Amino acid sequence: MKLGVFLLFLHGGGKKFTLSSLIVNLFCTFANKMIELLNLTIGYKSKSNGKVVAGPITASIHSGELTCLLGQNGIGKSTLLRTLSAFQPPLGGEILIEGRQTSSFSGDTKEFSRLIGVVLTERPDLQNMTARELVELGRSPYTGFWGHLKPEDHQVVEESLALVGIQSLAERPVHTLSDGERQKVMIAKALAQQTPIIFLDEPTAFLDFPSKVETMQLLSRLAHEQQKTIFLSSHDVELALQLSDRLWLMEPGRLSTGTPSELADDGTLSRFIERDGTTFDPQNMTICAHDTRTSE
């Protein structure tokens, strides 16, 4: 940074800062950036060339916040989550987690598993496993080759079941649980993994509305009370508006990020939501559907 620009920044264009306040402001701005995407391009590689799905993307995901990724089907939400989770490589750019490139974890899957927990859309097809046993699998990055749990591992499992409020389901076979109950078990498994970051791919996809609300409220509470970095994709726009701290809106050739109120104020949410028969009220943060049929 050039000296003149730095001095202008330091004085705020006439607004004076003490050195201590400057340090505090800088700390508040950058300290909670858990994940940074720098000119990230996502897609699929082939022998001849690559298919770009989205990018370049430059954005940050913050700790202690619930961030919701919204976009129409096929826009690249799952591809982005798979790339962030290291299930597939980026076509270009960088992903930094706590300032470290994800490519540097390639030789240490256990270390990466202690950093990021992932809850996918697919329903687990498990016939002979209890909810507790499934949650115990979250401890695998910390156990030896045989996966034996120590007393401290069992304690973490119990705490994870309690945080999600499913102690009463612990001995139930997973295949007997409802979709909402099963999703809570998968979230408890991610918590048992004790990662600072949790990615979820459409965690409310198969749930009825009360279960959708309960799941989103749970994730919001975990982000705030446990200081987790929670990033999820969803089609439930209204719930995301009400319960998320930040939104990522994926559109063709564009990614918009910000708090719901910021994106409402600058017109981004209206552009993203409104269609024939659908309007968005930025004052009340509500979506209204209208009957477009003409009377005969």
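Let me start with the cysteines: this structure, which is a predicted model, holds zero disulfides. For anyone new to the term, a disulfide is a covalent bond between the sulfur atoms of two cysteines. Two cysteines can be looked at one by one. Cys68 has a relative accessibility of 0%, and because anything under 20% counts as buried, Cys68 is buried. Cys288, by contrast, has a relative accessible area of 32% and is therefore partly exposed.

Let me turn now to the sheet. Six strands form an open sheet, and if you follow them across, the order is E6-E7-E8-E3-E9-E10, with mixed pairing. At the edges stand strand E6, residues 116-119, and strand E10, residues 254-258, and because each has a single partner strand, one side of each is left without a neighbour in the sheet. From one strand to the next, the twist averages 15°. As background, strands of a sheet pair through backbone hydrogen bonds, and they do so either parallel or antiparallel.

Within this sheet, I would point you to strand E7, residues 197-201, and strand E8, residues 229-234, which pair in the parallel sense over five bridges. Along that pairing, Phe199 stands opposite Phe231 in E8. Packed on the sheet you will find helix H3, residues 77-84, which touches strand E3 (66-70), E6, E7, E8 and strand E9 (246-251), and whose direction makes about 150° with that of E8.

Next, a residue in a helix: Thr215 is found in helix H8, which spans residues 209-225. Is Thr215 buried or exposed? With a relative accessible area of 2%, Thr215 is buried. A polar atom of the Thr215 side chain lies 2.8 Å from the backbone oxygen of Ser211. If we set aside residues up to four places away in sequence, Thr215 touches Ile187, Thr204 and Leu207.

Finally, let me take Met34, which lies in strand E1, residues 33-45. Met34 has a relative accessible area of 10% and is buried. Which residues is Met34 in contact with, leaving aside its neighbours within four places in sequence? They are Ile61, His62 and Ser63, then Leu96, Ile97 and Glu98, and also Pro196, Ile197 and Thr229. As for Pro196, this residue is 162 residues apart from Met34 along the chain, and yet the C-alpha atoms of the two are separated by 8.9 Å.

Key:
Residues numbered from 1 in each chain as written. Predicted model: local features only at pLDDT ≥ 70, side-chain atom pairs only at ≥ 80, totals over all residues. Heavy atoms only, no water. Disulfide = S-S within 2.5 Å. Buried < 20%, exposed > 50% of the residue type's maximum accessible area, 1.4 Å probe, protein only. Pairing = 2+ DSSP bridges. Helix = DSSP H or I, 4+ residues; strand = E, 2+ residues; numbered from the N terminus. Axes fitted to C-alpha atoms, helices over the stretch in contact; angles between N-to-C directions. Contact = heavy atoms within 4.5 Å. Polar contact = N/O pair within 3.5 Å; in protein donor to acceptor, adjacent residues only side chain to side chain.
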